[in-house]
Structure formats: structure tokens, C-alpha cells
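Trainee: Before we discuss terms, could you show me the model that we are going to talk through?

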Amino acid sequence: MNLKNLAKIVDDAALNAKPISQLSLNNQFSEKEAYEIQANSIARRYNRGEKLVGVKLGFTSKAKMEQMGVHDMIWGRLTDGMLIGQNSSLLLEKMIHPRAEPEICFLVKKEISKEIPLSEIKEYIYGVAGAIEVIDSRYENFKFSLEDVIADNCSSAGFVIGKWHNVDTPLEDLKMDLIINDEVVQSGSSNAILGNPWESVVAASRLCSKYDQVIRSGSYIMAGAATSAVYLEKNQIVKVEVATLGSVQFSIQ
Ligand code: OOG
Ligand code: MG
């Protein structure tokens with residue numbers, strides 16, 4: 001099957017909130033082709049009026065790699081349609097089997113179009129914030145190969161960003177808690193993200209330039225989760241607290 005048809009299958013699954021079987025079970029495609037499927041599925045969103053607002057990294061922590069059984073970093077695209085306002089609510093029936101995870105988000109100041117070394121990366125960023133990512137694999141049972149999840153835009157479904165802080169705010173060893181209905185369900189350290197969340201921005205610069213994706217000024221970069229993700233249910237208040245960066249929350253209905 002051609003890559004555009006595969007892109008339509010994952011996009012339809014997201015639109016209709018209906019799970020599909022893993023694309024790789026009946027189709028052979030490389031990692032590079034998986035990124036083409038992703039680009040084609042996002043192009044369908046652009047055709048519906050959504051706009052690219054950033055990129056996300058996936059599997060930047062051991063906790064996430066172990067939870068999902070994959071062993072490589074991936075990147076996906078974020079659109080304005082995925083933005084969830086602070087304190088707003090999300091309808092469970094619009095999703096298949098959503099999970100939430102605690103993240104850190106970066107706001108891009110200067111266009112990134114090549115790999116940037118860690119020593120220069122702060123020059124490209126305006127600010128940092130605590131964030132929640134909502135992932136919702138389009139695959140049955142949240143099971144996939146690395147190529148499958150790349151094709152599915154890295155399970156991206158939604159993200160909530162907290163208050164922006166100065167770029168010089170220390171990001172070392174910040175406690176990051178995922179709290180559901182006042183109960184801490186996951187707790188980790190910002191160091192779980194590649195040893196230093198800034199490394200995630202470096203990785204984004206490397207991976208996006210490899211795939212010719214420019215990260216424009218004003219874009220968001222989600223660094224990847226510090227802990228495993230947790231399934232969401234109706235009537236929950238989902239909150240992430242990052243030490244010194246504050247808290248961010250939304251509810252699910
Ligand atoms: C893939 C997305 C991974 C992260 O933060 O590591 C990700 C998935 O787990 O379904 O967003
Ligand atoms: Mg994530």
C-alpha cells in the first residue's frame with residue numbers, strides 16, 4: 001500500500017477515535033518511510049485548517065522506553081488543534097485510550113534549521129515551562145513497533161503548557177509529579193530526560209534537520225516524558241507539578 005494511503009488510515013483513526021491494527025503487521029516500511037507517512041498524515045490536518053505549532057520528542061527517558069518496549073528517540077509534529085488550554089476540559093470520547101505524562105516545554109526564539117550544540121542551545125530559546133502531554137496511540141492496545149509509532153505521529157493527541165519561565169531557570173533535577181485527582185500517580189526527575197532536558201532541544205535540532213523540518217521562532221518543543229504515562233478516565237483532574245516551574249492542569253470529561 002502506498003504511504004499516502006497509510007497516512008489516511010492513521011489520520012482517520014485519530015479523527016474517528018477508532019483504533020486500528022498496527023500498520024507494520026501488513027505493510028513493510030522503513031523508519032524514513034514512517035516519517036513520510038507521518039508528514040502525509042499531518043498534511044491532512046493542514047488541509048483541514050490546522051497549523052504546525054511545534055515538535056515533540058519521544059522516548060527521551062528510560063522510563064518511557066521501557067514502558068513501550070522501544071529503544072530509540074523519535075520526533076513528531078504538534079498542531080494548534082492539539083493545544084489544550086490550562087484548566088480546560090477534554091472529552092474522553094474524542095480519544096481512543098488517552099494517557100498523560102509529565103513534560104517540560106521550550107519556546108523557540110530563533111529558527112532552528114541545523115544541529116545546535118548544547119553550549120549554544122539557550123540562544124535559540126525564549127523560555128521553559130512545565131507541561132502535560134496527552135498521548136493516544138491509534139493502535140489497538142497501545143502496542144506498536146518504532147516505525148508504527150513514528151507513522152502515527154508519535155501518539156500525539158494533546159498538550160497543555162504552564163507558565164513560561166526565563167531561559168536561565170535551572171532545569172537540573174527538578175521533581176516532576178503527575179497527579180490525578182490529588183493523588184501522585186507518577187513521580188520523576190527532570191534529569192530522567194536525557195540526563196538534562198536541554199539535551200532534548202539539541203536532539204530536536206538534530207532530528208528535525210535530518211528530516212528537513214525547520215523549527216520556526218514561536219514554536220514549542222516538548223522534551224519527552226520524565227516518567228511512564230498513565231491512562232486517563234472520565235471525571236479526572238490531571239495535573240503536573242514541576243519543582244520551581246509550577247503546576248499545569250486540565251480535566252477530562
Ligand atoms: C509514544 C510517544 C512517546 C514521550 O514523551 O516519550 C512520548 C508513546 O509512548 O505512545 O511522547
Ligand atoms: Mg510525550
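Mentor: What follows is a discussion of the terms applied to this predicted model, beginning with the ligand.

Trainee: Which residues are closest to ligand 1, and how many surround it?

Mentor: Ligand 1 is surrounded by 17 residues, and the closest are Lys56, Phe59, Lys64, Glu101 and Ser155.

Trainee: What makes the approach of glutamate 101 to ligand 1 a polar contact?

Mentor: A polar side-chain atom of glutamate 101 lies 2.8 Å from an oxygen atom of ligand 1, and because the cut-off for a pair of N or O atoms is 3.5 Å, the pair counts as a polar contact. A backbone N or O atom of phenylalanine 59 also lies 2.8 Å from an oxygen atom of the ligand, while for a polar backbone atom of alanine 225 the distance to a ligand oxygen is 2.9 Å. As for cover, the protein takes up 100% of the 320 Å² of accessible area that ligand 1 has on its own.

Trainee: Where does ligand 1 sit, and which element gives the most to its shell?

Mentor: Ligand 1 sits in the largest cavity, and E1 gives the most to the shell, with three residues. By class, the shell residues divide into nine nonpolar, three polar and five charged.

Trainee: Why is the pair of arginine 44 and aspartate 11 called a salt bridge?

Mentor: The closest N and O atoms of arginine 44 and aspartate 11 are 3.1 Å apart, and because the cut-off is 4 Å, the pair qualifies as a salt bridge. This pair links distant parts of the chain, with arginine 44 in helix H2 and aspartate 11 in helix H1, 33 residues apart. The structure holds 13 salt bridges.

Conventions:
Residues are numbered from 1 along each chain as its sequence is written. Chains are lettered from A and ligands numbered from 1 in the order in which they are written. This is a predicted model: local features need pLDDT of at least 70, side-chain atom pairs count only at pLDDT 80 or more; totals for chains, interfaces and linings use all residues. Side-chain values use heavy atoms; hydrogens and water are left out. A residue is near a molecule or strand if one of its heavy atoms lies within 4 Å of it. A polar contact is a pair of N or O atoms within 3.5 Å; within protein, one must be able to donate a hydrogen and the other to accept it, and residues adjacent in sequence count only if both atoms are side-chain atoms. Accessible areas come from the Shrake-Rupley method with a 1.4 Å probe; for residues, only the protein chains shown count as cover. On a 1 Å grid over the protein atoms alone, a cavity is a set of points where a 1.4 Å probe fits but cannot get out, and a pocket is an open set with protein on both sides within 12 Å along at least five of seven lines; lining residues have an atom within 4 Å of a point. A molecule sits in a cavity or pocket if more than half of its atoms lie within 2 Å of its grid points. Helices (H or I, at least four residues) and strands (E, at least two) are DSSP runs, numbered from the N terminus. Ala, Val, Leu, Ile, Met, Phe, Trp, Tyr, Cys and Pro count as nonpolar, Asp, Glu, Lys and Arg as charged, and the others, Gly among them, as polar. A salt bridge is a side-chain nitrogen of Lys or Arg within 4 Å of a carboxyl oxygen of Asp or Glu.
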